[in-house]
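Biologist: I'm new to this one, could you walk me through it? Start wherever you like.

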Amino acid sequence: MSATYNANGENGDPGSTEGELNQWKHRAPYRVHDKAEHFQTRYEGSCHCGKVKYQLSREKPLDAKYCHCTTCQKIHGAPFQWAAIFHKDDINFTHGHHDLGWYESSEKTCVHKLPCKVSCAYCRTPIMDEGRNMILLFPTLIDFKTPEDRKNFDISCHMFYPRRVLDIPDGKPKWTGINNESDLIEDSPQEAINELKRKRQEEEHEKKDHKS
């Protein structure tokens with residue numbers, strides 16, 4: 001077997017871009033042989049040991065949130081996950097492409113299969129969650145130069161808040177599950193609750209109109 005097997009996942013042959021196990025190297029967010037000469041760097045991030053390093057071009061994530069689900073708690077070994085959503089083309093890995101490992105939590109496999117969790121195979125730092133269309137980065141890996149940079153990553157809401165291990169009375173919307181697909185609870189802002197009720201009433205009216 002020509003492909004190498006990392007302790008944290010099977011990521012192909014370091015000297016080749018051919019074969020099924022190397023297909024990830026041709027796609028965003030990796031493209032390991034692209035020099036990204038026109039990539040406008042806004043932030044830089046790295047894992048704990050420094051083997052994996054990347055750049056970000058977008059000033060603000062598409063969204064940022066705290067996830068309190070038990071999977072995030074276990075994998076991160078933390079009360080919750082702080083995640084920021086980006087397009088796959090917003091990131092440029094500058095070092096450590098071959099030091100990445102994969103984990104697909106539903107099947108518990110270490111093959112690069114989407115959606116999957118990406119980490120440094122050496123120090124085990126979680127790097128991101130890679131979805132089919134987007135990536136969820138962890139802002140604690142980013143080297144923020146100013147308080148304004150850090151503020152760009154402020155969260156919009158909490159997800160799976162009933163599974164929390166600590167209360168966070170920050171006045172942000174708190175969802176029972178995935179945001180906009182579940183219910184708001186606890187100290188969610190009243191305006192957010194009212195807006196959710198309004199949207200769901202409109203959806204119900206639309207369903208009735210379609211039926212009639």
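**Strands first, then rings**

Modeller: Let's begin inside the sheet: E4 and E9 run antiparallel and are joined by four bridges. Strands (E, at least two residues) and helices (H or I, at least four) are DSSP runs, numbered from the N terminus. Two strands pair if DSSP finds at least two bridges between them.

Biologist: Where did the model come from, and how are residues numbered?

Modeller: It's a predicted model, where local features need pLDDT of at least 70 and side-chain atom pairs count only at pLDDT 80 or more, while totals for chains, interfaces and linings use all residues. Residues are numbered from 1 along each chain as its sequence is written, and side-chain values use heavy atoms, with hydrogens and water left out.

Biologist: Back to E9, then. Which residue there is the bridge partner of Phe86?

Modeller: Ile135.

Biologist: And what's the strand order in the open sheet?

Modeller: The seven strands go E6-E7-E8-E9-E4-E3-E10, with mixed pairing. Strand E6 (100–103) and strand E10 (157–159) are the edges, each pairing on one side only.

Biologist: How do E3 and E10 pair, parallel or antiparallel?

Modeller: Parallel, over three bridges. Tyr66 has His158 in E10 as its bridge partner. On the E4 side, E3 runs antiparallel to E4 with five bridges, and Lys65 stands opposite Ala83.

Biologist: Why is E4 largely enclosed?

Modeller: Six of its seven residues (E4 covers residues 81–87) are buried, so the rest of the structure largely encloses E4. Buried means under 20% relative accessible area, exposed is over 50%, and partly exposed is in between, using a 1.4 Å probe and protein chains only.

Biologist: Switching topic: how many aromatic pairs are there?

Modeller: Nine. Rings of Phe, Tyr and Trp (its six-membered ring) pair if their centres lie within 6.5 Å; planes under 30 degrees apart are stacked, over 60 edge-to-face, and the rest tilted. One of them is Tyr43 with Phe153, edge-to-face at 5.3 Å centre to centre and 80° between the planes. Those two are 110 residues apart, with Tyr43 in strand E1 and Phe153 in the loop between H2 and E10.

Biologist: Is Phe153 buried or exposed?

Modeller: Buried, with a relative accessible area of 0%. Tyr43 is buried too, at 2%.

Biologist: What else does Phe144 touch, beyond its sequence neighbours?

Modeller: Leaving out residues up to four places away in sequence, Phe144 touches Tyr43, Pro139, Asp149, Arg150 and Phe153. Contact means heavy atoms within 4.5 Å.
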